[in-house]
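Visitor: I have a model open and would like a quick tour. Can we start with the terms?

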Amino acid sequence: FERRMPNKNHLKKLDLITASGKEQMEYLAQFVSREKLAYLPLGIDTKFFIPKIKNVNEIISHKTLLHVGTNRRDFYTLKKVFLKLKQVFPDIKLAMVGGDSAKEIFSGIDNIIFHTFLSDADLVKVYQDATILLLPLLEGGSSQSLNEAMAVGLPIVTNNFPNLRNYIFKDYEFISPSENVEMMAEHCEKLLLDNDLWMETSRRLRHHSLQFNFTHIKEKLINIYKQYLNIKIL
């Protein structure tokens, strides 16, 4: 917000501001009254983004890391983690959705798949066919990619930023400090070598994601309008 919204005077004219992270609310409270701030998590269609019924041995044996998005993404750390894992798993693949801008960074490295355009149905399949969502980030912020992966039951290795903590369950262990290549690679390796751990992580993420279903988010939004704006919604 400091960089993207240096002038915040317009916020004082608003009747309601919803934030997708609780840390965002704390930050915005420096500039507007708390009575105008409400927490509204990002929603996900958990009836569309669903786990694929699959043999866990098959999905782990294929060993495909997935990276989705460009905003706030740390492609240099992603490259380092992937190269480190290739030393242990020579056939491991990295699928990238929306990563065209990083093609030069990964030039000369094999087993990388760039998806330039995907329909919604194709995107779900890419999530379902992956083994891990590897999501190194440069800074905090809520991530729709993280929600989509959770709904599909795809284990996630990412960084310890406050807004992400609002979405992943409290004791989730595959989170590391930003730019920590060693730890991110260790987390991936642990999931790739332990089928039971992969399955349990997948199951818990899917179950956890259901609270962000659009139906629940719609109810939250309606209640926010009623509480903050005194609007009657039929």
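Guide: Buried means under 20% relative accessible area, exposed means over 50%, and partly exposed is in between (1.4 Å probe, protein chains only). Helices (H or I, at least four residues) and strands (E, at least two) are DSSP runs, numbered from the N terminus.

Visitor: What kind of model is this, and how are residues numbered?
Guide: This is a predicted model, where local features need pLDDT of at least 70, side-chain atom pairs count only at pLDDT 80 or more, and totals for chains, interfaces and linings use all residues. Residues are numbered from 1 along each chain as its sequence is written, and side-chain values use heavy atoms, with hydrogens and water left out.

Visitor: Okay, how many helices and strands?
Guide: The protein has 9 helices and 8 strands. Its radius of gyration is 19 Å, close to the 17 Å that the globule rule gives for 234 residues, so the protein is as compact as a globular protein of that length. That radius is taken over C-alpha atoms, and the globule rule is 2.2 Å times the number of residues to the power 0.38.

Visitor: What does the C-alpha trace span along its principal axes?
Guide: About 60 × 35 × 35 Å. Of the 234 residues, 48% are buried.

Visitor: Why would side chains alternate between faces?
Guide: That is how a regular strand is built: its side chains alternate between the two faces of the sheet.

Visitor: And what does His67 touch?
Guide: Counting contacts as heavy atoms within 4.5 Å, and leaving out residues up to four places away in sequence, His67 touches a list that includes Phe75, Leu78, Leu94, Met96 and Leu134. His67 counts as buried, at 0% relative accessibility.

Visitor: Which strand does β3 bridge to, residues 93–97?
Guide: β4, with 5 bridges, and the two run parallel. Within β4, Val97 is the bridge partner of Val68.

Visitor: What is the strand order in the sheet?
Guide: The order is β5-β4-β3-β6-β7-β8, an open sheet of 6 strands with parallel pairing. Two strands pair if DSSP finds at least two bridges between them.

Visitor: Which are the edge strands?
Guide: β5 (112–115) and β8 (175–176), each of which pairs on one side only. β8 is joined to β7 (residues 156–159) by 2 bridges, again parallel. Asn159 stands opposite Ser176 there.

Visitor: Switching to helices. Is α5 enclosed or open?
Guide: Enclosed, largely: 8 of the 9 residues of α5 are buried. Among them are Leu146, Ala149, Met150 and Val152.

Visitor: What covers those buried residues of α5?
Guide: The cover includes β3, α4 (120–129), β6, β7, α6 (162–165) and α8 (195–209).

Visitor: Arg72 came up. What is its phi?
Guide: Near 65 degrees, a positive value in a residue other than glycine. Most residues other than glycine have a negative phi. Arg72 is in the loop between β3 and α3 (75–88), and it is buried, with a relative accessible area of 14%.

Visitor: Which loop holds Asn111?
Guide: The one between β4 and β5. Asn111 has a positive phi of about 65 degrees although it is not a glycine, and at 27% relative accessibility it counts as partly exposed.

Visitor: Last topic, charges. How many positive and negative side chains?
Guide: There are 31 positive and 27 negative, and the centres of the two sets lie 6 Å apart. Lys and Arg count as positive and Asp and Glu as negative, with His and the chain ends not counted. The place of a charge is taken as NZ of Lys, CZ of Arg, CG of Asp or CD of Glu.
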